[in-house]
Amino acid sequence: NMTRKVIIDCDPGIDDAVALCMALFDTRINVAAVTAVAGNVPADQSSRNVQAIIERIDPPRYPRLGAASDPELSPGSNASYMHGEDGLGNAGIVVSRLHHQHPSEKIICDEVRSDPNRVTLLCLGPLTNVARAFQRDPELPTLIDRIVMMGGCVNGMGNVTPAAEWNMHYDPDSARLVFRSPVAKTLVPLDVTRAIHFTMGFLDELPSEETRVGAFLRKILQFRYLAYHQRLGQESIHLHDAVALLAVLQPDHFAFEEMAGDVETRGELTAGATIFDRRRNRQWRPNMEVAMTVDAEAVERDIVQCLSHAGRANG
Ligand code: BDR
Ligand code: CA
């Protein structure tokens, strides 16, 4: 079986949910596990949301699930204004009964160990679980094929603070640990995820209301449009995590550059800011590839196509 094995670590989150709808029906990848992490919502809610999404969209193959637990240092940031109190646009998406789940970092360790050098780890939330997995099993970084992360910004313009992007800001210590680990890394920063705008017309391109995916996405996306309108005065939305998934599915839509990156863990104004050594006489060693530009039209088209496929697959 040549399809790529992927673990998705996420904090649903409306854009995480869109990425899951795409990934779980995509025949190019095999999503072996979905692990929850605290971020957009606290740990317990994140675990519930992961299970609720999967039950609701009912993919052909159920992935293993991992449960989140809150990071040691509580970040005290809140994303409810962009994702709703429940993380899924206050649309009333609930699980009937939360199954017993292993901790996310254990699932990550097990899945990578059982298929060394063949697993892609797609990280759509803070890097807490990955850092824990690396601490638990120090050889793990060298056994992962690649980790693709949504986070940070190269141009310095954050979203949660002037300088920092949400996923990095929520747990900068974990982000730094992962950035400094000997694992092959791809970063998909805000610079490229913000290049793709989904206007209201996107709603008409979703699979029909009769499909599970179509009905689910319409329920949760409404809030997103409202939040962008009210908070940012913007009539289109971004779906950062869906774009990051595309970097796994169609990397040729992006232009990557080898960069030397780190994360500020303590700054008074800059905690969670990603810092890149771009000096002509660079002193830091390159440690990741960073998506610098994107074919926005192609990515948008592929996201729509991917979701149509998901709609057809479980009509
Ligand atoms: C990232 O932060 C979260 O709110 C989104 O789900 C995305 O992963 C964007 O900064
Ligand atoms: Ca996310």
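1. A polar contact is a pair of N or O atoms within 3.5 Å; within protein, one must be able to donate a hydrogen and the other to accept it, and residues adjacent in sequence count only if both atoms are side-chain atoms. An oxygen atom of ligand 1 lies 3.0 Å from an N or O atom in the side chain of His-83. For the side chain of Asp-15 the corresponding distance is 2.6 Å, and for that of Asp-16 it is 3.0 Å.

2. The model is predicted: local features need pLDDT of at least 70 and side-chain atom pairs pLDDT 80 or more, while totals for chains, interfaces and linings use all residues. Residues are numbered from 1 along each chain, chains are lettered from A and ligands numbered from 1 as written, and side-chain values use heavy atoms, without hydrogens and water.

3. Which residues surround ligand 1? Among them are Asn-40, Leu-124, Met-150, Trp-166 and Asp-241 (a heavy atom within 4 Å).

4. Ligand 1 takes up the space of the largest pocket, whose volume is about 470 Å³. Of its 26 lining residues, Met-82, Asn-159, Val-160, Tyr-228 and His-240 are the closest to its centre. A pocket is an open set of points on a 1 Å grid over the protein atoms alone, where a 1.4 Å probe fits, with protein on both sides within 12 Å along at least five of seven lines; lining residues have an atom within 4 Å of a point.

5. The second largest pocket holds about 300 Å³ of space. Glu-72, Leu-73, Asp-171, Asp-173 and Ser-174 are the closest to its centre among its 18 lining residues.

Definitions and conventions. Sits in = over half its atoms within 2 Å of the grid points. Points joined across faces, edges and corners; volume = space filled by probe spheres on them.
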